[in-house]
Amino acid sequence: MPMTRIHMRAGKSPAYRQALFDGIYQAMRETFNVPEDDQFMALTEHDGDNFRYGASYLGVARSDDLVLIQLTVSNTRSLEQKKALYRRITERLVQSPGLRPEDVFINLVEVEKENWSMGHGLAQYA
């Protein structure tokens, strides 16, 4: 059950934002075996004064279209699955909504399975 947080500069259309949700979710389904309807995602838009990034950190030329994606996931995936996820999210977001690959920044936060409660005050995976 990934929990997804997306951060970006304000000003994009609702269709653009929906394409981010759809592309990330489909990539997770394809590479992380995420079940259908397992969508827990939030997008936060920031004005320019509240969105800062290294424009050339590690030799990657980023623009103001940068999208920061943080996925909190159970620590059950292999390195190969993680690499496949990064590639697939980027491919999908290049396709729609048309991001440059340089503007897709992904961070995984891995947690133990017992660190989830998805309702009713229960630890469903524990």
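Colleague: How does Gln124 count, as buried, exposed or partly exposed?

Modeller: Gln124 counts as partly exposed, because its relative accessibility is 36%, and the scale calls a residue buried under 20% relative accessible area, exposed over 50% and partly exposed in between, with a 1.4 Å probe and protein chains only. This is a predicted model, in which local features need pLDDT of at least 70 and side-chain atom pairs count only at pLDDT 80 or more, while totals for chains, interfaces and linings use all residues. Residues are numbered from 1 along each chain as its sequence is written, and side-chain values use heavy atoms, with hydrogens and water left out.

Colleague: Where is Gln124 found, and what is it in contact with beyond its neighbours in sequence?

Modeller: Gln124 sits in the segment after S4, where helices (H or I, at least four residues) and strands (E, at least two) are DSSP runs numbered from the N terminus. Setting aside neighbours within four places in sequence, Gln124 is in contact with Trp116, Ser117, Met118 and Gly119, contact being heavy atoms within 4.5 Å. Glu114 is ten residues away from Gln124 in sequence, and their C-alpha atoms are 7.7 Å apart.

Colleague: Switching to the helices, how far does H2 reach?

Modeller: H2 covers residues 79–95, and its 17 residues reach 24 Å from the first C-alpha to the last, close to the 24 Å expected, the expected span being 1.5 Å times one less than the number of residues.

Colleague: Which residues of H2 are buried, and what covers them?

Modeller: The buried residues of H2 are Lys82, Leu85, Ile89, Thr90, Arg92 and Leu93. They cover an arc of only 165° around the axis, which puts them on the same side of H2; the arc is that of the directions from the helix axis to the C-beta atoms. Their cover includes helix H1 (14–31), strand S3 (67–74) and strand S4 (104–111), whereas the face of H2 turned away from the buried side carries the exposed residues Glu80 and Gln95.

Colleague: What phi do Asn33 and Asp37 have?

Modeller: Asn33 has a positive phi of about 55° although it is not a glycine, and Asp37 has a positive phi of about 75°, again without being a glycine. Asn33 is in the loop between H1 and strand S2 (41–46), and Asp37 lies in the loop between H1 and S2. Asn33 is exposed at 61% relative accessible area, and Asp37 is exposed at 64%.

Colleague: Which peptide bond is cis?

Modeller: The peptide bond from Ser96 to Pro97 is cis, with omega near 25°, and Pro97 is placed in the loop between H2 and S4. For background, most residues other than glycine have a negative phi, and most peptide bonds are trans.

Colleague: Last topic: what lines the largest pocket?

Modeller: Its lining is Tyr57, Leu58, Val60, Arg62, Leu66, Pro101, Glu102, Val104, Phe105 and Ile106. By class, the lining of the largest pocket divides into eight nonpolar, no polar and two charged residues, where Ala, Val, Leu, Ile, Met, Phe, Trp, Tyr, Cys and Pro count as nonpolar, Asp, Glu, Lys and Arg as charged, and the others, Gly among them, as polar. On a 1 Å grid over the protein atoms alone, a pocket is an open set of points where a 1.4 Å probe fits, with protein on both sides within 12 Å along at least five of seven lines, and lining residues have an atom within 4 Å of a point.
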